[in-house]
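This briefing is meant for a reader who is meeting the structure for the first time. Please keep the sequence and the model in view while reading the points below.

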Amino acid sequence: MTTPVIITVAMTGAIPRKKDCPGLPVTTSEQIEEIHKAFEAGATLAHIHVRNPESGVPARDPVLYAKVVDIIRESKVDMVINFTAGMGGDLVFGSAEEPLPLKEEGTDMVGASERLDHVRNILPEICTIDCGTMNFGEGGYVMTNTPAVLKEMAAQVQALGVKPEIECFDTGHLQLAIWLKNQGLIDD
């Protein structure tokens, strides 16, 4: 191969659960084992989501991120670390006929700064900025990223010196990425 390629591995992703995928790495040791396998297979970038080790539910806990990163760095696996920063923008509506009140289980809404606590504490090389709100998963789940939240997150990531990974899932997200760039919140 003559063209440089970056192979990214996202060990858990944001949505799957053990019930959906029995091989899903949930604990820190399971994630590390899979990251080592991916590295040996040629992956050079680890996109990290963490899970509550007891429940398997996606988590924002900076301590869990630190454990994964410490073990990766101690093990001398030479991979670029990329944290998700999408956690904390989760809304789960009620039924199609009664969308409000929001369901407590699954709703996790916090501000831009709290969504970046793990990034600020650990300073990975890269972190995601999901450029828009989207429907995915099942039922009434919506992942929210308002323009105000995106602007604040981009400014904070830029000030930290962490490179943003701009995640665009539709053409409207591209417009928000261009908007952030035009405001000087995403460097060339």
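This is a predicted model: local features need pLDDT of at least 70, side-chain atom pairs count only at pLDDT 80 or more; totals for chains, interfaces and linings use all residues.

Two strands are said to pair if DSSP finds at least two bridges between them.

- Five strands form an open sheet in the order β1-β2-β5-β8-β11, with parallel pairing.
- Because β1 (8–10) and β11 (163–167) stand at the edges and each has a single partner strand, one side of each is left without a neighbour in the sheet.
- From one strand to the next, the twist averages 30 degrees.
- Strand β2 (residues 45–48) runs parallel to strand β5 (residues 80–83), and four bridges join them; within this pair, Leu 45 stands opposite Val 80 in β5.
- Helix α5 (residues 147–160) packs on the sheet, where it touches β8 (126–130) and β11, and its direction makes about 165 degrees with that of β8.

**Trp 179**
- Trp 179 lies in helix α6 (residues 171–182), and it counts as partly exposed because its relative accessibility is 32%.
- Leaving aside neighbours within four places in sequence, Trp 179 is in contact with Pro 147 and Lys 151; the C-alpha atoms of Trp 179 and Lys 151, which are 28 residues apart along the chain, are separated by 9.1 Å.

**Cysteines**
- A search of the whole structure finds zero disulfides.
- The cysteine sulfur closest to that of Cys 168 belongs to Cys 131 and is 5.0 Å away, so it is too far for a bond, given that a disulfide needs sulfur atoms within 2.5 Å.
- Cys 168 counts as partly exposed at 31% relative accessibility, and Cys 21 counts as partly exposed at 35%.

Notes
Residues are numbered from 1 along each chain as its sequence is written. Side-chain values use heavy atoms; hydrogens and water are left out. Buried means under 20% relative accessible area, exposed over 50%, partly exposed in between (1.4 Å probe, protein chains only). Helices (H or I, at least four residues) and strands (E, at least two) are DSSP runs, numbered from the N terminus. Contact means heavy atoms within 4.5 Å. Axes are lines fitted to C-alpha atoms, for helices over the stretch in contact, and angles run from 0 to 180 degrees between N-to-C directions.
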